[in-house]
Amino acid sequence: LLVDANILNRVEELFKRLQETLAQAIQEEDNAEAEAVESFSTSRQKLQDQLDGLKIAEKSLRENISNYEQIIVKANNIIAQATTKRERNQNLLNSADQLCSTFESEYKIANEQRKEELALLGKLRAIIEKKLKFSSGVTSRSSQEQDQFAKHENVAQIAGPSTWTKAENNYNAAGAAAVGYNRNENLERFI
């Protein structure tokens, strides 16, 4: 085969251009690969740094969670104690209210009884004052009559009853009638 030199030169030039194009493409691919590897390494380092930061944050968050759990336990204990105290205080308040109600009703009863006692004492006072008025008359009469004893040398000669009856707490109808006393048996039970 006889090949024309021009064709050979053209084929050779085509191969050289192909070789240059391939070399250039390989170089571009190598450069792109190197850039991609460098970008991957940079991204990998950034991601590793972020992962390390996240691990530190996770550790810190776990410590915070542990602290919060302890705080929650303490808060629950405080709530339980406060609830117990509130219940105890509510019971004390209820008891105090009940006691106040009891004291108030006892006070009202005692107040009513005191009013009755004061009314009774008023009646007794009126009776006593009536007796005192009688007694003061007797006293003034007896002071006037005492002079009669001074005139007598023998006191035994003065006329008087032959026997004396000691009445104590017994009702003496004759004595009461003599002084104009109206008997009230309800008042006599206090004497």
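How many residues apart do Glu129 and Arg125 lie in helix H1? They are four residues apart, about one turn of the helix.

## Model and confidence

This is a predicted model, in which local features need pLDDT of at least 70 and side-chain atom pairs count only at pLDDT 80 or more, while totals for chains, interfaces and linings use all residues. Residues are numbered from 1 along each chain as its sequence is written, and side-chain values use heavy atoms, with hydrogens and water left out.

The protein chain has an average pLDDT of 80, and 69% of the residues score at least 70; pLDDT is the predictor's confidence in each residue, from 0 to 100. Among the elements, H1 has the highest mean pLDDT (87) and helix H3 (residues 185-188) the lowest (63).

## Overall fold

The protein chain contains three helices and zero strands, in the pattern α-α-α along the sequence. Helices (H or I, at least four residues) and strands (E, at least two) are DSSP runs, numbered from the N terminus.

Of the 191 residues, 2% count as buried. Buried means under 20% relative accessible area, exposed over 50%, and partly exposed in between (1.4 Å probe, protein chains only). The chain exposes about 17700 Å², of which carbon and sulfur atoms supply 55%; such areas come from the Shrake-Rupley method with a 1.4 Å probe.

## Salt bridges

A salt bridge is a side-chain nitrogen of Lys or Arg within 4 Å of a carboxyl oxygen of Asp or Glu, and by this rule the count comes to six. One of them joins Glu129 to Arg125, with the closest N and O atoms 3.0 Å apart. Arg125 is exposed at 56% relative accessible area, whereas Glu129 is partly exposed at 39%.

Lys16 pairs with Glu12 at 3.8 Å between the closest N and O atoms. These two residues are separated by about one helical turn because they stand four residues apart in helix H1. Arg114 and Glu117 also meet in a salt bridge (3.6 Å, N to O), and they are three residues apart in helix H1.

## Surface patches

Patches consist of residues with over 30% relative accessible area and no salt bridge; like charges are joined within 9 Å, and nonpolar side chains (Val, Leu, Ile, Met, Phe, Trp, Tyr) within 5 Å. Ile7, Val11, Phe15, Leu18, Leu22 and Ile26 make a nonpolar patch of about 560 Å². Val11 belongs to helix H1 (residues 5-151) and is partly exposed at 34% relative accessibility.

Glu28, Glu29, Asp30 and Glu33 form a negative patch; Asp and Glu count as negative, Lys and Arg as positive, and His and the chain ends are not counted. The place of a charge is taken as NZ of Lys, CZ of Arg, CG of Asp or CD of Glu. Glu29 lies in helix H1 and is exposed, with a relative accessible area of 55%.
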